[in-house]
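Trainee: Could you take me through the aromatic rings of this model closely, and then through what surrounds them?

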Amino acid sequence: IYQINDWFLAEVAASHPEDPEMVDRMSLIQEEPFRGVRMAHLAVVGSSKVNGVAELHSQLLRDRVLKDFSAYEPHKFTNVTNGITPRRFMRVANPGLSELITEAVGDGWLTDLDKLRGLEPLADDPSFRERFAQIEQANKINLAQALVERDGIILEPDTKYDVMVKRLHEYKRQILKLLHVVTLYQRIKSNPDVPTVPRTIIFGAKAAPGYVMAKQTIELILAVAKTIDSDPDVSERLRIAFPANYNVILNQVIVPAAELSEQISMAGKEASGTGNMKFALNGALTIGTLDGANVEIRDLVGPENFFLFGLTEEEVTDVQARGYTPRDYYERDTDLRRAIDALSGGALLGEAQEAGAAVINHLMNSDPFLVFADYRAYLEEQAVVDANYLDQADWNRKAILNVARTGYFSSDRSIQDYLDRIWHAEKG
């Protein structure tokens with residue numbers, strides 16, 4: 001490694017004599033805070049191509065993470081947005097929708113997902129929309145039955161299935177979803193006669209064994225779920241389901257039943273995501289930030305068929321650079337303050353007081369992933385979601401267009417990109 005570094009830095013120094021600090025920045029060896037190998041730098045030097053797994057991810061690699069390297073060897077840097085296999089995550093997971101698609105566009109779409117474009121005209125066909133809705137409802141009932149048998153969890157299929165399943169990490173912001181739930185709970189309690197769109201919020205996640213904040217967040221979600229479930233004023237209109245031991249087998253039952261896909265990570269943190277692709281391809285509408293492959297999903301399905309909120313990656317960087325004080329948002333926003341105070345006061349938490357105190361203290365004094373900064377925009381966009389859901393014809397039209405326009409996210413296309421532009425190999 002030292003020999004590679006000597007050879008590489010000699011080339012850098014010779015080609016950029018006007019920038020002697022570039023040698024230090026691009027060295028394969030770091031000196032501070034401890035001496036070690038910069039593995040990403042070594043990987044770039046040893047590679048013919050460098051790519052992210054979504055357009056935004058690749059852009060961040062070029063413009064920020066590996067800026068000197070992309071300037072030095074721009075020809076190395078490209079993008080390959082990843083994908084999912086429709087054989088498993090559509091045909092196996094969602095046979096009802098798969099059969100409807102085959103009837104509509106013919107055979108062959110499972111190995112040529114661009115053929116889903118043939119569904120676009122049918123989004124305006126009332127009879128096709130009705131059949132699509134019937135399949136969605138059957139999938140919701142199937143999930144409800146599966147969770148009763150698996151976990152003893154009771155779901156009401158005649159509510160909106162609002163789904164957030166993914167690895168539990170602070171940047172993915174499950175806590176932002178929980179704050180939304182708490183606000184909905186408080187609104188129902190304060191104004192029980194005001195009509196609301198009934199929701200079932202389905203969480204699914206695992207966390208690393210030593211990730212204390214993630215485990216405390218899980219404890220917090222379960223405590224709030226228990227409180228809501230035991231409140232007859234609320235439980236028929238709002239419910240949290242958080243089945244244990246989330247895995248891909250459960251994912252295959254959840255994805256076809258989802259109506260709203262929660263992709264709410266702080267912009268700039270998600271490399272790509274594949275759950276967002278699975279949901280869109282199975283007809284869920286997305287509420288999300290401009291992060292990871294959300295950017296490409298929104299471009300493909302159309303901004304009018306995607307529920308966008310929150311700071312952009314550039315705005316996140318600006319807020320952090322200016323100095324972010326989460327307590328300022330707490331003081332200014334009445335709904336946020338009420339939600340945090342309810343969690344801090346312990347009325348919602350039962351035996352999870354210690355976990356709640358830790359999570360709230362972290363948010364109030366640090367909030368590294370700008371939950372408070374995006375809370376208001378998220379709340380307002382969720383109101384747009386509810387209003388749209390009341391118009392089921394339009395909701396289903398948008399859902400069908402999501403299916404029709406997201407064939408790009410096939411793993412077949414992703415692998416072909418690697419074959420053509422990176423590996424320079426023919427199909428076997």
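Trainee: Which residues form one aromatic cluster?

Mentor: Phe8, Phe69 and Tyr72 form one such cluster. This is a predicted model, in which local features need pLDDT of at least 70 and side-chain atom pairs count only at pLDDT 80 or more, while totals for chains, interfaces and linings use all residues. Residues are numbered from 1 along each chain as its sequence is written, and side-chain values use heavy atoms, with hydrogens and water left out.

The structure holds nine aromatic pairs (rings of Phe, Tyr and Trp, the last by its six-membered ring, with centres within 6.5 Å; planes under 30 degrees apart count as stacked, over 60 as edge-to-face and the rest as tilted). Among them, tyrosine 324 and tyrosine 329 have ring centres 5.5 Å apart and planes at 50°, so this pair is tilted. Tyrosine 324, at 16% relative accessibility, counts as buried, whereas tyrosine 329, with a relative accessible area of 23%, is partly exposed (buried means under 20%, exposed over 50%, partly exposed in between, with a 1.4 Å probe and protein chains only). By contrast, the rings of tyrosine 418 and tryptophan 423 are stacked, because their centres lie 5.1 Å apart and their planes meet at 20°; tyrosine 418 counts as buried at 19% relative accessibility.

Tyrosine 329 also has a charged neighbour, since the charged end of arginine 332 sits over its ring, 4.8 Å from the centre (NZ of Lys or CZ of Arg within 6 Å of the ring centre and within 35 degrees of the ring normal). The charged end of lysine 278 likewise sits over the ring of phenylalanine 89, 3.9 Å from its centre.
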